[in-house]
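Q: Could you walk me through reading a structure like this one? I'd like to learn the general idea each time, then see the case at hand.

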Amino acid sequence: MIAASARRPIPHHRRMQFHPVEVRRRCTDLGGVARTAELAAIGIDEHSLKMAVLGGEIIRIREGVYGAADAPHDVIAAVAHGGRLGCLSRIRAAGLWVLDRNDVRVHVSMPRTGNARRHVDCRCVTHWTGGPAVGGFAPLVESLAQVLQCFGIEDFFVALESAMSKRLLNHRSLHELGGRLPRMHRWLVGFARWDAGSGLESVLRLRLRALGISLVSQVEIPGAGRVDFVLAGLIVLEVDGIVGHADLASSRHKDLVRDAVASTYGLEALRFDYAMVVHDWPLVEAAILAALDRSRRRRSR
Ligand SMILES: [Zn+2]
Ligand SMILES: [Zn+2]
């Protein structure tokens with residue numbers, strides 16, 4: 001009955017009293033944050049709202065906007081600021097891969113004609129590129145475009161491939177995303193793949209592209225098992241610390257066997273860890289280029 005009546009506002013005389021816990025549940029069902037009008041539309045009267053606030057089940061974030069008491073802090077902050085959770089904060093909340101950034105700010109997607117509000121403990125970054133502030137979370141496409149603007153192409157690309165791998169985007173939303181990006185960056189959407197296995201893979205593919213080097217991930221080499229990456233068909237690249245690598249003696253042994261077998265195929269094996277790839281790229285790049293050079297010389301002899 002409630003689902004059917006949710007389509008149009010319920011008249012005042014038909015609104016009911018709800019237990020405070022039930023009010024919080026309904027608020028959570030609406031995404032953790034709800035406007036008075038949305039709550040009224042499912043029959044919750046003002047008295048029930050007051051009682052739920054007094055009972056600590058919901059909080060009044062600002063005039064006419066309530067949040068479930070257990071909604072994430074950054075969502076509450078974004079709504080108190082006058083918008084919705086956007087940019088990298090939204091990407092994190094969706095459980096997508098992000099580069100290791102020490103960023104504790106709340107990124108807020110604001111309606112273009114909205115007003116930023118003062119609130120307690122405001123550490124917000126305001127993006128004036130959002131749609132109407134309904135609910136607590138900005139749409140993913142809106143947030144991805146903000147990540148590009150705020151953090152640059154690598155953070156954007158990692159988040160994009162992560163969203164694609166989890167099928168949180170489709171061809172239509174990718175098209176919409178392309179339309180939101182500056183023309184010079186639209187190629188990133190076409191270059192992104194649906195099958196990236198980790199954020200590290202996304203970073204590697206993007207950085208190697210700049211060097212004109214192709215990357216294939218999760219390659220099966222007979223006798224060696226599956227290796228993380230093969231570059232330009234010549235170099236096996238293994239990265240310690242990515243999913244599936246355990247720091248055990250047996251794992252170390254398997255790594256050594258893999259390197260030896262790769263060598264018998266004429267493939268040079270390189271091994272780095274996550275921190276080297278992400279934070280010490282010049283060294284990693286120099287090692288890759290030198291290994292490629294050696295491999296190509298050997299083959300041309
Ligand atoms: Zn704020
Ligand atoms: Zn941002």
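Q: Which residues are the protein donors of the zinc ion (ligand 2)?
A: To read a metal site, look for the atoms that reach the metal. In this predicted model, the zinc ion (ligand 2) has Cys-87 (SG), His-107 (ND1), His-127 (NE2) and Cys-150 (SG) as its protein donors, and they lie 2.1 to 2.4 Å from it.

Q: And what is the geometry of the site of the zinc ion (ligand 2)?
A: Check the angles among the donor atoms. Four donors are called tetrahedral if all angles lie between 85 and 135 degrees. The angles here are 106 to 117 degrees, so the site is tetrahedral.

Q: How are the donor residues of the zinc ion (ligand 2) spaced in sequence?
A: Write the spacing as a pattern, and you get C-x19-H-x19-H-x22-C. Take one pair: His-107 sits in strand E5 (residues 106-111) and Cys-150 in helix H7 (residues 140-151). The two are 43 residues apart, so this pair links distant parts of the chain.

Q: Is His-107 buried or exposed?
A: Go by the relative accessible area: under 20% is buried, over 50% is exposed, and in between is partly exposed. His-107 has 0%, so it's buried. Cys-150 comes out at 30%, which means it's partly exposed.

Q: Now for sheets. In what order do the four strands of the open sheet come?
A: Follow the pairing from neighbour to neighbour. The order is E7-E8-E9-E10, and the pairing is mixed. Strand E7 (215-221) and E10 are the edge strands, each pairing on one side only. From one strand to the next, the twist averages 40 degrees.

Q: Which strands run parallel, and which antiparallel?
A: Take the strands pair by pair. Strand E9 (residues 235-240) and E10 run parallel, joined by six bridges. One bridge pairs Asp-240 with Asp-273 in E10. Strand E8 (residues 225-231) and E9 run antiparallel, with three bridges between them. There, Leu-231 has Ile-235 in E9 as its bridge partner.

Q: Which helices pack on the sheet?
A: See which strands a helix touches, then compare directions. Helix H11 (residues 199-210) touches E7, E8 and E9, and its direction makes about 120 degrees with that of E7. Helix H14 (residues 281-300) touches E8, E9 and E10, at about 175 degrees to the direction of E10.

Q: Which residues are on the covered face of strand E10?
A: Look at each face of the strand in turn. In E10 (residues 268-273), Glu-268, Leu-270 and Phe-272 make up the covered face, while Ala-269, Arg-271 and Asp-273 are on the uncovered one.

Terms used
Residues are numbered from 1 along each chain as its sequence is written. Chains are lettered from A and ligands numbered from 1 in the order in which they are written. This is a predicted model: local features need pLDDT of at least 70, side-chain atom pairs count only at pLDDT 80 or more; totals for chains, interfaces and linings use all residues. Side-chain values use heavy atoms; hydrogens and water are left out. Buried means under 20% relative accessible area, exposed over 50%, partly exposed in between (1.4 Å probe, protein chains only). Two strands pair if DSSP finds at least two bridges between them. Axes are lines fitted to C-alpha atoms, for helices over the stretch in contact, and angles run from 0 to 180 degrees between N-to-C directions. Contact means heavy atoms within 4.5 Å. Donors are N, O and S atoms within 2.8 Å of the metal (3.2 Å for Na, K and Ca); water is not among the atoms, so sites may look incomplete. Four donors count as tetrahedral if all angles lie between 85 and 135 degrees; four count as square planar and six as octahedral if opposite donors are over 155 degrees apart and all others between 65 and 115; anything else is irregular.
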